[in-house]
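Please look over the chain below.

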Amino acid sequence: MVGGGVVGWAVAWRCAARGLSVTVRDPAPGSGASTVAAGMLAPVAEAYFGETALTGLLVASAARWPAFAAELTAASGVGLGYRTEGTLVVGLTGDDLAEAGRLWAYQRELGLPITPLRPSGLRDREPALAPRVRGGAFAPGDHQVDPRRLLVALRTAAERAGAVLVAAPVGRVDELTASAVVVAAGCGTAALTGLPVRPVKGQILRLRAPGGGPPGFRHVVRGYADGEPVYVVPRADGEVVVGATVEERTDPAVTAGAVLRLLRAAVDLLPELAEYDLVETAVGFRPGTPDNAPVIGALPGRPGVLVAAGHHRHGIVLTPVTADLVADLVTTGTPDAMLAPFTPGRFGPVTRPAAGG
């Protein structure tokens, strides 16, 4: 296993639990996008135009999350911060509501569970919302988990099942002698495989409720505030995650403008956040692909090299289905039909990276 993020450790756990000998190679496990992610499990709110196959995979993986969370908690002894209150998607202005409404109509056409609500219905569910909010919708199946706890739990469960970490980099996949190699190296997957996986910068903030108590709201809140998209994720321990920018750039800087935009939008939707402590600003790099969908399966012409990468915004919600399907592929050699739209071969021939790449 090349890569010690959430997806890598999940595949390692599933494979080790089946009795396979598993080695995880990563010089700094858990230091990538997994520790920056907000942890929204949002198959409905993340269903976008033109991504029907991806939406199907999101729905399938989200359906596995309750059992996956229970099994992982039992195997690791680590709480995941898994919460099922659902997600409110809101629009601050009339224009914001119109923009959101187009997407809700599309999501409902797909048969996804999302229910439009008037402002009064929104505030019945979440009184902390600003009075200015013009309307919204409720997605009861869009849940959340704490990715940092998830990462600890997956590593613990994988190591208890027999997986071994080697904290060393991999320069070339060809240097590894295992019967099967799974590359789950996030943005580093491109250099190892030649696949078109690129870094997509995201800036994210973490706040903390004053007084050491929980936040004054329960639901994940996603929405638009004067055209600015934002999400706000409450944790039971008082943490609130606010995010996130989507930038086609690779610098690691946290910018004042991004912090300003995210905080303004979040406070416009939930005014009480103005009194919260700002405790962390961070940058992560999502592993994006040309069609925004993950790459899962064998490299063309190299059946012993499998890829589980390119999850972009969806790495946390897609963790259970990715781990299960890759473990099946490793043990049987036969890909599940569900993987057909996501194979590496959809991008055409892959050039084997040069030495050191």
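## Strand pairing around β15

β8 and β15 run parallel and are joined by three bridges. Two strands count as paired if DSSP finds at least two bridges between them. Helices (H or I, at least four residues) and strands (E, at least two) are DSSP runs, numbered from the N terminus. This is a predicted model, in which local features need pLDDT of at least 70, side-chain atom pairs count only at pLDDT 80 or more, and totals for chains, interfaces and linings use all residues. Residues are numbered from 1 along each chain as its sequence is written, and side-chain values use heavy atoms, with hydrogens and water left out.

How many of the eight residues of β15 are buried? Six are, so the strand (residues 302–309) is mostly covered, where buried means under 20% relative accessible area, exposed over 50%, and partly exposed in between (1.4 Å probe, protein chains only).

## The second largest pocket

The second largest pocket has a volume of about 390 Å³. A pocket is an open set of points on a 1 Å grid over the protein atoms alone, with protein on both sides within 12 Å along at least five of seven lines; lining residues have an atom within 4 Å of a point. Grid points are joined across faces, edges and corners, and the volume is the space filled by probe spheres (1.4 Å probe) set on the points.

The lining of this pocket has 18 residues, and Met1, Ser21, Thr23, Ala178 and Ala180 lie nearest the centre. Elements that give two or more residues to the lining are α1 (6–17), β1 (23–25) and β8 (181–183). α1 gives the most, with three residues. By class, the lining has 13 nonpolar, four polar and one charged residues. Here Ala, Val, Leu, Ile, Met, Phe, Trp, Tyr, Cys and Pro count as nonpolar, Asp, Glu, Lys and Arg as charged, and the others, Gly among them, as polar.

## The whole chain

The protein chain holds eight helices and 15 strands. Its radius of gyration is 20 Å, close to the 21 Å that the globule rule gives for 357 residues, so the chain is as compact as a globular protein of that length. The radius is taken over C-alpha atoms, and the rule is 2.2 Å times the number of residues to the power 0.38. The C-alpha trace spans about 60 × 40 × 40 Å along its principal axes. Of the 357 residues, 52% count as buried.

An unreviewed UniProt entry places the feature "domain: FAD dependent oxidoreductase" at residues 2–329. Such annotations may be inferred rather than shown by experiment. The span is 32% helix and 24% strand, and its end C-alpha atoms lie 16 Å apart.

## Backbone details

Asp226 counts as exposed, at 54% relative accessibility. A cis peptide bond joins Gly243 and Ala244, with omega about -15°. Ala244 sits in the loop between β12 (239–243) and α7 (256–269).
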